[in-house]
Structures are given as structure tokens and as C-alpha cells.
Amino acid sequence: MKRRAEPASAVQTGETAGLLTVDLDALAANWRMLRDRMGGPEAGGACAAVVKADGYGLGAVPVARRLAAEGCTTFFVAHAEEGVELRQAVPEAEVFVLNGLLPGTAPLYRRNRLAPCLNDPGQAGAWLEFCADAGPLPAALHIDTGMTRLGLDAEDLDALDLGALGALPGLVVMSHLACADELGHPLNRRQQAAFAAVRPRFPAARASLANSSGLFLDDEFRFDLGRPGYALYGGNPTPSAGINPMQPVVRLQAPVLQVREIRERRTVGYGATAETAPSAWIATLAAGYADGYLRAMSNRGTVFIDGRACPVTGRVSMDLLTVDVTEAVQAGSEIRPGTLADLIDTRHTIDDVAGHAGTIGYEILTSLGSRYRRRYLGEIETARPAQGSA
Ligand SMILES: *Cc1c(COP(=O)(O)O)cnc(C)c1O
């Protein structure tokens with residue numbers, strides 16, 4: 001079948017950039033599923049939501065607002081500044097800041113009702129000192145049980161005023177698993193045991209160990225408060241089991257800009273790293289590595305157009321990528337400027353895309369650029385205060 005590409009006036013969508021659709025109903029279903037794994041509030045188990053890095057690139061504000069409406073009362077961010085933004089969106093919720101208490105930031109925490117994760121004895125001491133003046137304020141105490149990243153060693157506890165820490169309102173005692181996505185990894189059990197040994201020293205606190213994958217280990221990893229991030233956004237928390245129990249949340253589409261019929265063997269893109277067949281159709285899409293379509297996908301990725309798999313051919317460039325649509329065109333697909341290609345969807349998940357790029361889905365999500373038009377399904381609108389006329 002021979003057909004010239006339509007002129008650009010045939011754009012079907014009115015979009016010149018890609019379209020990122022975030023299904024907040026699926027996100028909410030994922031959160032409910034994880035909360036149920038925690039046993040739910042009736043069983044004393046609660047489930048927080050980790051919304052650092054702008055909700056893993058999907059928008060911390062719409063994500064948190066929707067989860068708060070579902071009943072999620074506890075959120076974790078990485079930076080205090082992320083917490084300040086979140087505070088506006090979920091005024092009633094607890095917001096914990098993972099990266100901890102840097103010198104001079106305690107007033108910022110208090111003003112915005114943010115709870116620092118106290119990651120070393122100095123931070124714990126500084127917070128207690130601040131609270132001696134300001135009154136008791138919430139915090140988390142982060143014990144390192146084997147990650148060697150943030151957190152204090154269990155031995156450090158002996159030098160701290162555990163009575164005063166234990167009396168902080170809403171105290172969470174937490175630790176973080178290094179290998180939760182590897183079911184049988186021996187470090188999991190060692191970390192669980194180390195955390196369980198510390199836990200009784202804070203009888204009034206909530207204990208929190210499990211991230212997304214940790215919630216799929218044995219019951220004794222769950223403690224009181226789950227702390228999932230990735231699985232909320234549809235990522236597979238059980239990669240070794242293969243099947244993803246979560247619902248997909250993200251769909252990424254980019255429009256075709258141009259379709260070219262190739263009538264002789266040619267190379268494609270920078271570095272001439274790919275060569276066409278003597279007769280081929282190549283489509284150029286409006287997404288590139290500046291949009292988080294990683295350059296590592298060059299000659300490796302797949303997109304779907306009209307439901308048909310089209311391999312990425314040639315190098316991904318900053319704003320563009322080229323795909324071989326010969327088979328789709330021969331099968332009768334109408335591909336023209338404006339036709340939307342699926343870069344991430346249910347057939348080709350964030351974990352699949354990550355596999356092609358040689359990375360993890362977390363990096364795919366948090367790399368998603370700011371040029372996409374973002375569409376939220378099931379969004380909770382802000383209740384804006386009425387504009388006073390007086
Ligand atoms: C990012 C993070 C989480 C969430 O991890 P996921 O694997 O995305 O579920 C939980 N706890 C800590 C300390 C983290 O840094």
C-alpha cells in the first residue's frame with residue numbers, strides 16, 4: 001500500500017507535544033489494595049503514600065489530593081520544600097520529610113507543620129532542643145538497619161533521650177529495606193530482625209519498614225505503617241514474580257510529526273546507527289530524551305501506533321524519535337501527522353520501557369519531562385476559598 005503522508009493540517013488532536021494521562025482512579029485503587037495488605041485501619045495497619053520527586057514525576061499535588069480523599073492521612077516527601085508545597089494541597093495530613101533536618105530549618109518545619117525524619121543523633125538532639133522551646137512537635141526517627149544511606153545506628157540510641165523522643169506526638173520509628181524487590185535476599189531478614197529489636201524501645205510510636213516491595217514480603221515486614229511509592233503509580237513491586245499486581249496509572253502518547261516513505265536503503269538519525277530496508281516507512285514522533293524518552297532507547301524501544309508495535313529505529317534525539325512503521329502501514333494503519341503513538345501504556349508498561357532502556361521504572365517515571373500536556377482522570381479539585389467581596 002502506497003500513500004503519501006498527509007500535510008500537517010491533518011493534525012487530529014490539536015496537540016503539538018505529547019500527552020501524559022495520569023489515571024487517579026487507578027492510583028486510588030492501588031492505594032486501597034496496599035492499605036488492605038496492611039490489614040487496614042481496623043487491624044491497626046495504616047498505609048502512607050510516598051510522593052517525593054513531585055509524586056514520582058506524576059504531580060504530587062493531584063496525587064496527594066486524590067489519596068487524601070481516599071482516606072490516606074500520611075505522606076512522605078524527600079525535601080522540606082516539597083513538603084511546603086504539599087501542605088497547601090493536603091492541609092490536614094501528616095507530612096514527613098525523608099531527607100531530614102538540616103541546620104536552621106526547624107522553624108520552616110514548624111511553620112508548615114512538617115515532620116522531619118531525624119536521621120542522625122545530631123538531628124534528634126536538635127529537634128528535641130527546638131521542641132523544648134516550641135512545644136512537642138511530630139517527627140520520625142530513622143534507624144539504619146542495613147542501607148547505609150540515611151538513618152542512625154541502633155547503638156546511637158543509647159546516647160539519646162529516648163523518653164523525650166518517645167513522647168513526641170505522632171512519632172514514627174522507621175527503617176528502609178535495601179533489597180525488598182528480591183524476595184529471598186538474606187539482607188531482608190536481617191533488616192527485619194534489627195528493626196524488630198529496636199521497635200520495643202518506642203512502645204507508643206508507629207513502626208514503619210515496608211516500601212512497595214516490602215509490602216509483598218512476609219507479614220512480619222508490615223509493622224504499623226506502610227510506606228509505598230512506586231506501586232501506587234503502577235510500578236511492579238514484585239519483579240521476581242513477573243506478574244504486576246498493580247493497576248497501570250500512566251499513559252504516555254506523542255504525536256506523529258511526519259511520515260516518510262523510503263525508496264532506497266538509508267541510514268536514520270544521528271550517528272547513522274540504523275539502516276532502513278530498501279523499501280520502508282519511517283515516522284518521526286514529537287518526543288525525545290529531553291522529555292524523558294531516554295537516549296538508551298535508541299534502536300531498542302517499541303511504540304504502539306494503531307495498536308501495532310513499531311520499533312524505535314536510530315538514535316533518540318532531544319525532541320524527536322524515529323520509528324519504523326513499515327509493518328503497520330502494510331497492515332493498513334492510517335498513520336499521518338497528528339496520529340498519537342503510545343509510548344507507555346498497558347501493553348508497554350513503565351517496567352517494560354525501563355527494561356528496554358536498561359534502567360528501572362522509577363527512573364522512567366521521574367524523568368518524564370515538563371513539556372507534555374498533563375491530563376488527570378478522576379482529579380479532585382481544590383476547594384478554593386471564596387473570594388471575599390467586602
Ligand atoms: C522512596 C522511599 C520509599 C518508597 O519506596 P518505593 O520503592 O517507591 O515504594 C519509602 N521509604 C523511603 C525511605 C524512601 O526513600
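Modeller: An axis here is a line fitted to C-alpha atoms, for helices over the stretch in contact, and the angle between two axes runs from 0 to 180 degrees between N-to-C directions. Keep in mind that this is a predicted model. In it, the axes of helix H1 (residues 24-37) and H3 come within 10 Å and cross at roughly 50°, which makes H1 oblique to H3. The crossing of H1 and H3 is right-handed.

Colleague: Which residues of H1 and H3 make the contact?

Modeller: From H1 come Leu24, Asp25, Leu27, Ala28, Trp31, Arg32 and Arg35, while H3 contributes Pro62, Val63, Arg66, Leu67 and Glu70. Sorted by class, the contact of H1 with H3 holds seven nonpolar, no polar and five charged residues.

Colleague: At what angle do the axes of H3 and H4 cross?

Modeller: The axes of H3 (residues 60-70) and H4 (residues 80-89) cross at roughly 45° and come within 9 Å, so H3 is oblique to H4. H3 passes H4 in a right-handed crossing, where Ala60, Val61, Ala64 and Arg65 of H3 meet Glu85, Leu86 and Ala89 of H4. The residues of this contact divide into five nonpolar, no polar and two charged.

Colleague: How many residues surround the ligand, and which are the closest?

Modeller: The ligand is surrounded by 14 residues, the closest being Lys52, Tyr56, Ser212, Tyr230 and Tyr362. For polar contacts, the cut-off is a pair of N or O atoms within 3.5 Å. A polar side-chain atom of Lys52 lies 2.7 Å from an oxygen atom of the ligand, and a side-chain N or O atom of Tyr56 is 2.5 Å from a ligand oxygen atom. For Arg227, a side-chain N or O atom is 3.0 Å from a nitrogen atom of the ligand.

Terms used
Residues are numbered from 1 along each chain as its sequence is written. This is a predicted model: local features need pLDDT of at least 70, side-chain atom pairs count only at pLDDT 80 or more; totals for chains, interfaces and linings use all residues. Side-chain values use heavy atoms; hydrogens and water are left out. Helices (H or I, at least four residues) and strands (E, at least two) are DSSP runs, numbered from the N terminus. Angles under 35 degrees count as roughly parallel, over 145 as roughly antiparallel, 65 to 115 as roughly perpendicular and the rest as oblique. A crossing is left-handed if the near helix is turned anticlockwise from the far one by less than a right angle, and right-handed if clockwise. Contact means heavy atoms within 4.5 Å. Ala, Val, Leu, Ile, Met, Phe, Trp, Tyr, Cys and Pro count as nonpolar, Asp, Glu, Lys and Arg as charged, and the others, Gly among them, as polar. A residue is near a molecule or strand if one of its heavy atoms lies within 4 Å of it. A polar contact is a pair of N or O atoms within 3.5 Å; within protein, one must be able to donate a hydrogen and the other to accept it, and residues adjacent in sequence count only if both atoms are side-chain atoms.
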